[in-house]
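Open your viewer and get ready to click through a chain stop by stop.

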Amino acid sequence: VMKELGIAGYRIPGLIGVWVKDNKEINADGSRDKKIAALGLRVKKWVTFHGLSFNVGPDLGFFNCIKPCGITGKGVTSLLELGLKIKMEDVDRIFHRTFATIFAK
C-alpha cells in the first residue's frame, strides 16, 4: 500500500513494525523514525492469532498513553500526518490488490 502511495517504509532491526522518516519531528532517541504499521502473530495451544495495524488517520494523541509494541523513544505516525488524505475504502482496495499479488503465488 505504502509503495503505491509514494511512501518509503522500512524495518529497523530489533524493533517491531513498519517505519517511515518524519522530517518534521525528532524523537526522544534523536532519530526521525516513526512507526506507521505493525503485524502481530501469536501461537497458543496450536491456535494462531494474528493482526495488522496500519495508521490511516487515527487520533495520534492516544499513543501518548501507551507504549506501542513496548517501544519507547520512537514516534508513531499516520498517512494523514504524512499529508495523505485518503479514504479507508481506498486503502482497503489497494491493500486487497497488493496483498493478493504478493501472497497468491
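Select Cys 65. Its relative accessibility is 71%, so Cys 65 counts as exposed. Now look for a sulfur partner. Cys 65 is in no disulfide. The nearest cysteine sulfur belongs to Cys 69, and it is 16 Å away.

Select Cys 69 next. Is Cys 69 in a disulfide or in no disulfide? Cys 69 is in no disulfide, and its nearest cysteine sulfur is that of Cys 65, 16 Å away. Cys 69 is partly exposed, with a relative accessible area of 43%. Searching the whole structure gives 0 disulfides. As a reminder, a disulfide is a covalent bond between the sulfur atoms of two cysteines.

**Stop two: confidence**

This model is predicted. Color the chain by pLDDT. The mean pLDDT of the chain is 91. 99% of the residues reach 70 or more. Which element has the highest mean pLDDT? Strand 1, residues 18-21, does, at 96. Helix 1, residues 88-103, has the lowest mean among the elements, at 88.

**Stop three: the helix and its patch**

Stay with helix 1 and pick Phe 103, which lies in this helix. Phe 103 is exposed, with a relative accessible area of 57%. With Phe 103 they make a nonpolar surface patch of about 340 Å².

**Stop four: the strands**

Select strand 2, residues 33-44. Which strands pair with it? Visit them in turn.

- Strand 1 pairs with strand 2 in the antiparallel sense, over 4 bridges. Click Lys 21: it stands opposite Asp 33 in strand 2.
- Strand 3, residues 47-54, is joined to strand 2 by 8 bridges, and the two run antiparallel. Click Leu 39: it stands opposite Leu 52 in strand 3.
- Strand 4, residues 75-76, is joined to strand 2 by 2 bridges, and these two run parallel. Click Lys 35: it stands opposite Val 76 in strand 4.

While you are here, turn the view. In a regular strand the side chains alternate between the two faces of the sheet.

Terms used:
Residues are numbered from 1 along each chain as its sequence is written. This is a predicted model: local features need pLDDT of at least 70, side-chain atom pairs count only at pLDDT 80 or more; totals for chains, interfaces and linings use all residues. Side-chain values use heavy atoms; hydrogens and water are left out. pLDDT is the predictor's confidence in each residue, from 0 to 100. A disulfide is a pair of cysteine sulfur atoms within 2.5 Å. Buried means under 20% relative accessible area, exposed over 50%, partly exposed in between (1.4 Å probe, protein chains only). Patches are made of residues with over 30% relative accessible area and no salt bridge: like charges are joined within 9 Å, nonpolar side chains (Val, Leu, Ile, Met, Phe, Trp, Tyr) within 5 Å. Accessible areas come from the Shrake-Rupley method with a 1.4 Å probe; for residues, only the protein chains shown count as cover. A salt bridge is a side-chain nitrogen of Lys or Arg within 4 Å of a carboxyl oxygen of Asp or Glu. Two strands pair if DSSP finds at least two bridges between them.
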